[in-house]
Amino acid sequence: MNSKSWLAAICAVLVTLTVGCGADRESDAGTEPFKITLTTAQVGDVPAADNEVETAIEKYTNTQLEIQWIPNAAYDDKINVMLAANEMPMMLRVKYVPMTISAIQSDLFWEVGPLLKDYKNLSAQSRKYYDNIAVDGKIYGIPLFRDMARSAIIYRKDWLDSLGLQPPTTLEEWYIVLKAMALNDPDGNGKKDTYGMVLDKKYNDGSAASTTRLAVSMGAPNKWGVDANGRFTPEFVSPQYVDVLKLLRRLYEEKLINDDFAVLDESEAEKLYDSGRVGMRIAVAQNAKSMQDRLIKSVPTGRFDVMPPTGPQGPRAAGELGNNGFFVFSKSAVRSEAELRRILAFIDSMLDEPMSTLQMRGLEGKHYASLGDGTLEIQNFNLFQREVKPYRDSLFNIEGYHVAPLKDTPLGEKGRQIPKDNLTNMVSNPALTLTSQTNTERGKELEQMIADAQTRYIMGIIDDAGWEAEVDKWRMAGGDRMSKEYEEAYKSMTKRGE
C-alpha cells in the first residue's frame, strides 16, 4: 500500500473512530477537528508544515495539532518559565523533577489516574509506567512509554574469544577481562592502543549511571535501599557500590581506563568504541546493533555481543523511569473534563495499530516495506529519521504493542529482548516517586557533592578515609535529612496502600 492509499484507508477509519469509550464518551465522527496545543522537545529538524505524517495523525484522530517544538538545549529553561508563569499549552511535556512536582502539587494540572480505565490502550499498559510518574500517589500525566530495564553489557566477542575469556560476572572477573583487553593486544596489531572500557564525564550521573548499573548487577540497591523497617540508605554506602568504586580506582591507577574520564564527552567516548579501540561497555541493550553497524566501518571483522547485566546472583538490572518524560494537562488551557477526555482519547488512539505503525515505521512504500512474513523493513532510514522520528520520540507508542516487528539481525533481536527479560530481575528505586523537601531544594547540590567525591576517589586524590569523610559531609549537608524525609514519605505511602 502506498502513502496515498494509506491515507485513504485512514480517512475510512474516521467513520467509526470515537474519542472515547464508556458512558462519558461520544463519537467524534463528523465533528469539527478538535484543536490540541502541545509543547515538546525538538528532535532533529522541525518537521515541515502540513507534512504527510502529521496530516495522517490529524485525519485519523480528527484533531488539529499545534505543536511547539523547542530545541533540547533550551527546553528545560523554557518549561520552567512556563510553569512559573502558568502560561502553558493543553499538553506540556515535562520531566519528573522537583520543579514539575511542585507545579503538580500547586494544582496546576488535571489528575488523570481515575480516568485511565476508560481508555483501552492506556489501561492495557503496566501500572508501573504510571506509578513511576505518580505524585503523592496520584497520576497527573501520560508517559512517553519506554523500556524500564534497558541496561546491558555490550562487549567485543571477537576480543574475548581471542583472549580465551568469558564475559565477567564478578568484579574480579571484570578486572581480569578489562586488564587483558588493555594489555594483551586483543586486536592483534602489535600495539598497546586498546582499552577494556572507557568512561565519560557522566559515568555516575542519573538513572543511566554506569556505576549504578554495575553495582546493581553485583547486588547493590538502585539509587536508594530500604530495609524491612523502612530505613533508607543511599546506594553509595552499600558494600557492592563501594567495591565498584574500588575497581574503578584500581583500573585508573594501573592506566587500564582513560585518564581523562572526568572531562570526556560522551560523543568522544562513542568515537573510541566506533574506531575499535574499546572492548566493554555498560549501556542500553538496543545500542548493541548500532554499535556493531558503526564498528564494521572501521573494523570489518569486529563483533559486538550483548548480555543482561549479570553478577553473582545472576541477571540483575537497575530499573529506570520507564518514560522519556510525560505530558501533563494544564487546567488553565484545558477548561473542562470533557476537553480533557478528548485529549486522552487522542492519546489512546495514538496507540491503535495504524498510529503505532505510522509513528514507529512510517508510511508504507515510503519509509517501510512489508516482507510478507509478518515483519517489516525500513526502506529509507535517513528519510525515516527526518520525517517520522520527531513524532515517534514525542508522542505515544510502545515497541511491540500494535506494531509488526522489524526484520532484524540476531544482535538487534537480542538487544530488543534483553529489556523484556530484565523486567523479571529488575531492581526498582524505592525513592523514585517519594517527596523530600531537601531533595527539592538541594538535591542537585547533594548529588554533585557525592559525584565529585567519587571522581576524586577513583583518581586517587582522596583515600578510603577521605571518601568516608566526604560521605559524612554529604550526610551533614542534608543527606541524612533527605533519608528521613524519604522514610516518612514511604511510611505514608505504605499506609495509603493498606
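This is a predicted model: local features need pLDDT of at least 70, side-chain atom pairs count only at pLDDT 80 or more; totals for chains, interfaces and linings use all residues.
Before I start, one cut-off for my notes: a residue is buried when its relative accessible area is under 20%.

**Entry 1: Glu470**

I looked up Glu470 and found it in helix 18, which covers residues 464–497. Is Glu470 buried or exposed? Its relative accessibility is 11%, so I count Glu470 as buried. I then asked which residues it touches, not counting those up to four places away in sequence. My list for Glu470 reads Ile450, Ala453, Arg456 and Ile462.

**Entry 2: helix 8**

Next I turned to helix 8, residues 210–217. How many of its 8 residues are buried? I found 8 of the 8, so helix 8 is largely enclosed by the rest of the structure. The buried residues I wrote down are Ser210, Thr211, Thr212, Arg213, Leu214, Ala215, Val216 and Ser217. After the helix comes Gly219, and I noted its positive phi, near 115°.

**Entry 3: Ala215**

Which residues is it in contact with, leaving aside neighbours within four places in sequence? I found Ala220, Gln240, Tyr241 and Val244. I also checked Ala215 against Leu171, which is 44 residues away along the chain. Their C-alpha atoms are separated by 9.4 Å.

**Entry 4: helix 8 against helix 9**

Gln240, Tyr241 and Val244, contacts of Ala215, sent me to helix 9, residues 239–253. At what angle do helix 8 and helix 9 pack? I read about 120°, with the axes 9 Å apart. The range for roughly perpendicular ends at 115 degrees and roughly antiparallel begins over 145, so I call the two helices oblique to each other. Their crossing is right-handed. From helix 8, I have Thr211, Thr212, Leu214 and Ala215 in the contact. From helix 9, the partners are Gln240, Tyr241, Val244, Leu245, Leu247 and Leu248. By class, I count 7 nonpolar and 3 polar residues here, and no charged ones.

**Entry 5: helix 7**

Leu171 had come up in my distance check on Ala215, so I went on to helix 7, residues 171–183. The buried residues I listed are Leu171, Trp174, Tyr175, Val177, Leu178, Ala180, Met181 and Ala182. A reminder to myself: an α-helix has 3.6 residues a turn, so residues three or four places apart point the same way. What covers the buried residues of helix 7? The cover includes strand 5 (151–156), helix 6 (157–163) and strand 8 (280–284), together with helix 8 and helix 9. Just after helix 7, I noted Asp185 with a positive phi of about 50°.

**Entry 6: helix 3 against helix 4**

My last stop was helix 3 (residues 72–85) with helix 4 (residues 98–105). Their axes come within 11 Å and cross at roughly 20°. Angles under 35 degrees count as roughly parallel, and I therefore describe helix 3 and helix 4 that way. The crossing is left-handed. Which residues meet? I found Asn80, Leu83 and Ala84 from helix 3 against Met99, Thr100 and Ala103 from helix 4. This contact has 4 nonpolar and 2 polar residues, with no charged ones.

Notes: Residues are numbered from 1 along each chain as its sequence is written. Side-chain values use heavy atoms; hydrogens and water are left out. Axes are lines fitted to C-alpha atoms, for helices over the stretch in contact, and angles run from 0 to 180 degrees between N-to-C directions. Helices (H or I, at least four residues) and strands (E, at least two) are DSSP runs, numbered from the N terminus. Angles under 35 degrees count as roughly parallel, over 145 as roughly antiparallel, 65 to 115 as roughly perpendicular and the rest as oblique. A crossing is left-handed if the near helix is turned anticlockwise from the far one by less than a right angle, and right-handed if clockwise. Contact means heavy atoms within 4.5 Å. Ala, Val, Leu, Ile, Met, Phe, Trp, Tyr, Cys and Pro count as nonpolar, Asp, Glu, Lys and Arg as charged, and the others, Gly among them, as polar. Buried means under 20% relative accessible area, exposed over 50%, partly exposed in between (1.4 Å probe, protein chains only). The expected span of a helix is 1.5 Å times one less than its number of residues.
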